[in-house]
Amino acid sequence: MTNLVKPAPTLTKNKSACKSESRYKRTTSTVTIAVGALLILIIGIAAFLRFYQIGNLSFWRDELSGLRIVMQSNFINMLQALLPKIINNGIYYVPLYYWVKAFPDGSEEMLRSISEIFSVAIIQAVFLLVKGMGVHRIQTIAIGLIAALFIAVNAWHIQYAQELRSYSLVFLLSTLSTFLLIKAVEQPRAQIRWIGYVIVSSVAAYAHLFAIFVLIGQGVSFSILLFRNNSYLPFKRIIINGVAIVVLIVPLAVALFNPKSWGPIAFIPELTLERVRQFAIALTGNQGELLLTLYFFASGVGLLVGVRTWFWREN
């Protein structure tokens with residue numbers, strides 16, 4: 001006689017699956033806590049190094065010039081003092097204006113601390129940028145933490161973070177620009193990401209002219225991908241939003257061709273190979289050619305690994 005009673009389902013597999021899922025959740029939670037703790041530690045180190053002895057030196061000429069501009073009686077007068085002579089890094093004076101109004105009797109430490117706030121925010125921005133650029137989660141998190149640590153302890157970065165100038169702001173905005181572009185490409189239909197990318201990129205150009213080189217780098221990267229026939233990329237949206245950025249920074253380009261705006265950049269010396277070498281040494285921490293060599297070696301290894309991974313994915 002045929003047994004019509006179905007056998008009772010075994011619970012062994014379900015129990016095993018539940019245990020695996022529970023173990024995975026615990027591991028993920030542990031990793032998240034560890035990464036968060038390490039990132040907070042790195043941010044703490046960055047903050048300490050940037051605020052340490054920040055007021056030891058008095059304001060120098062460019063800082064004093066900026067303070068004279070933002071100490072105008074009102075916002076309109078400040079804009080009139082800025083334009084058209086000082087349009088490069090002019091956007092930095094907007095938050096600085098309100099910072100000075102909030103602390104009218106502030107010391108060098110207090111007034112310069114606005115640059116430190118931007119600089120410390122860069123640490124998290126760099127981590128998020130690097131973390132979102134790979135497919136292997138643990139790998140990209142580790143690389144993101146290393147990148148954040150390198151920025152946190154870089155002497156060049158610390159030096160310019162302690163000045164009442166736009167350098168920290170433009171670094172932060174340029175990093176966020178690239179981060180928002182990557183996020184927009186991941187979800188092309190999320191228009192708010194494209195809007196954020198256009199706004200942040202345009203503001204970065206007004207924070208400092210050199211941010212344009214970051215935007216050019218973004219364009220070159222996508223041009224290379226275009227020639228490799230990556231049909232999954234939203235090139236139409238990239239081009240449209242790129243044109244929007246160009247339109248928004250046209251006033252900056254027009255102002256640069258105005259002879260009245262040449263004064264603030266007339267001090268720039270002629271470009272030579274020796275000056276490029278000295279700049280590279282300063283950029284890596286101003287500790288001589290050995291540190292510069294180590295940076296180049298690490299960058300070369302990273303580039304080779306990246307190119308290898310790229311070709312492996314393509315083939």
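A polar contact is a pair of N or O atoms within 3.5 Å; within protein, one must be able to donate a hydrogen and the other to accept it, and residues adjacent in sequence count only if both atoms are side-chain atoms. This is a predicted model, in which local features need pLDDT of at least 70 and side-chain atom pairs count only at pLDDT 80 or more, while totals for chains, interfaces and linings use all residues. Residues are numbered from 1 along each chain as its sequence is written, and side-chain values use heavy atoms, with hydrogens and water left out.

**S119**
- S119 lies in helix α5, helices being DSSP runs of H or I with at least four residues, numbered from the N terminus.
- At 0% relative accessibility, S119 counts as buried (buried is under 20% relative accessible area, exposed over 50%, partly exposed in between; 1.4 Å probe, protein chains only).
- The side chain of S119 makes polar contacts with the side chain of R50 at 2.6 Å and with that of H157 at 3.4 Å.
- Leaving aside neighbours within four places in sequence, S119 is in contact (heavy atoms within 4.5 Å) with R50, H157, A161 and S168.

**Helix α2**
- In α2 (residues 61-70), the buried residues are D62, E63, G66, L67, I69 and V70.
- Seen down the axis of α2, these buried residues fall within an arc of 160 degrees, so they line one face of the helix; the arc is that of the directions from the helix axis to the C-beta atoms.
- R61 and R68, on the other side of α2, are exposed.
- The cover over the buried residues of α2 includes α3 (75-82), α4 (93-102) and α5 (108-131).

**Q53**
- Q53, found in the loop between α1 (12-51) and α2, is partly exposed at 45% relative accessibility.
- Although Q53 is not a glycine, its phi is positive, at about 55 degrees.
- Most residues other than glycine have a negative phi.

Methods: Helices (H or I, at least four residues) and strands (E, at least two) are DSSP runs, numbered from the N terminus.
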